[in-house]
Amino acid sequence: MALKIRLSRGGTKKRPFYKIVVAEALSPRDGKFVERLGSYNPMVAKDHAERLVLNVERAKYWISKGAQPTLRVAKMLSSDGLVKAPVIRDQPIKSAPGKKRKERDADAAEKLSSADATVEEAPVAEAPSEEVAVADAPVEEAPAAEAPSEEAAVADVPVEEAPAAEAPSEEAAVADVPVEEGPADKTPTEGDKKE
């Protein structure tokens, strides 16, 4: 008989309340249990005394008998020092990148590092610095020439209105084209077939 120390849900919809119980591993979540060890109420403040109520002595007893706490219960029990704190990963193992993806990333990083190394290894001829010569020279301030503003430039230019070119309407263009009926335009009639 494999035993688990786990949470059994109670409470109403959107207002959970959990009992910490020792139950058989194959029994349903809210089904039969061997013993109730305490309770957990996530609806109260974290520093409130009734958030986690646990019978530590009975929990030690069941752990010594081989009962395995679930991940969440182990996290709660680790705060009392009963079990070692579980490792809760930020990224689950299932969604971690595969072997080929890791190889591609390693190759890309290797190419980048080799490209950076070749750039750094290339000797750079040092030319005398112009900054030193510029710093020693006296600085003369030239009078700033005032550029005319764009608004003033636009206001000075006379606006000429060009006469609007009228495009011929489609009706006029269609009316001007002569329509000729050729042999391809006619549909054959009974009289045309006899000829």
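Student: How many aromatic pairs does the count come to?

Tutor: This is a predicted model, where local features need pLDDT of at least 70, side-chain atom pairs count only at pLDDT 80 or more, and totals for chains, interfaces and linings use all residues. Residues are numbered from 1 along each chain as its sequence is written, and side-chain values use heavy atoms, with hydrogens and water left out. Rings of Phe, Tyr and Trp (its six-membered ring) pair if their centres lie within 6.5 Å; planes under 30 degrees apart are stacked, over 60 edge-to-face, and the rest tilted. By this rule the count is 2 aromatic pairs.

Student: Are the rings of Tyr-18 and Tyr-40 stacked or edge-to-face?

Tutor: Their centres are 6.1 Å apart. Their planes meet at 25°, so the pair is stacked.

Student: Which strands hold Tyr-18 and Tyr-40, and how many residues apart in sequence are the parts tied together?

Tutor: Strands (E, at least two residues) and helices (H or I, at least four) are DSSP runs, numbered from the N terminus. Tyr-18 lies in strand β2 (residues 15–24), and Tyr-40 in strand β3 (residues 35–40). The pair therefore ties together parts that are apart in sequence by 22 residues.

Student: Is Tyr-40 buried or exposed?

Tutor: Buried means under 20% relative accessible area, exposed over 50%, and partly exposed in between (1.4 Å probe, protein chains only). Tyr-40 has a relative accessible area of 17%, so Tyr-40 is buried.

Student: What kind of pair do Tyr-61 and Trp-62 make?

Tutor: The ring centres of Tyr-61 and Trp-62 are 5.3 Å apart. Tyr-61 is partly exposed at 34%, whereas Trp-62 is buried at 12%. The planes stand at 75°, so the pair is edge-to-face.

Student: Which residues does Val-53 touch, not counting those up to four places away in sequence?

Tutor: Val-53 sits in strand β4 (residues 52–54) and is partly exposed, at 40%. Its C-alpha atom is separated by 5.2 Å from that of Gly-38, 15 residues apart along the chain. With contact meaning heavy atoms within 4.5 Å, Val-53 touches Ile-20, Leu-37, Gly-38 and Ser-39.

Student: What pattern does the chain follow along the sequence?

Tutor: The secondary structure comes to 7 helices and 5 strands. Read along the sequence, the pattern is β-β-β-β-α-β-α-α-α-α-α-α.

Student: What percentage of the chain's residues count as buried?

Tutor: The chain has 195 residues. Those that count as buried make up 15%.
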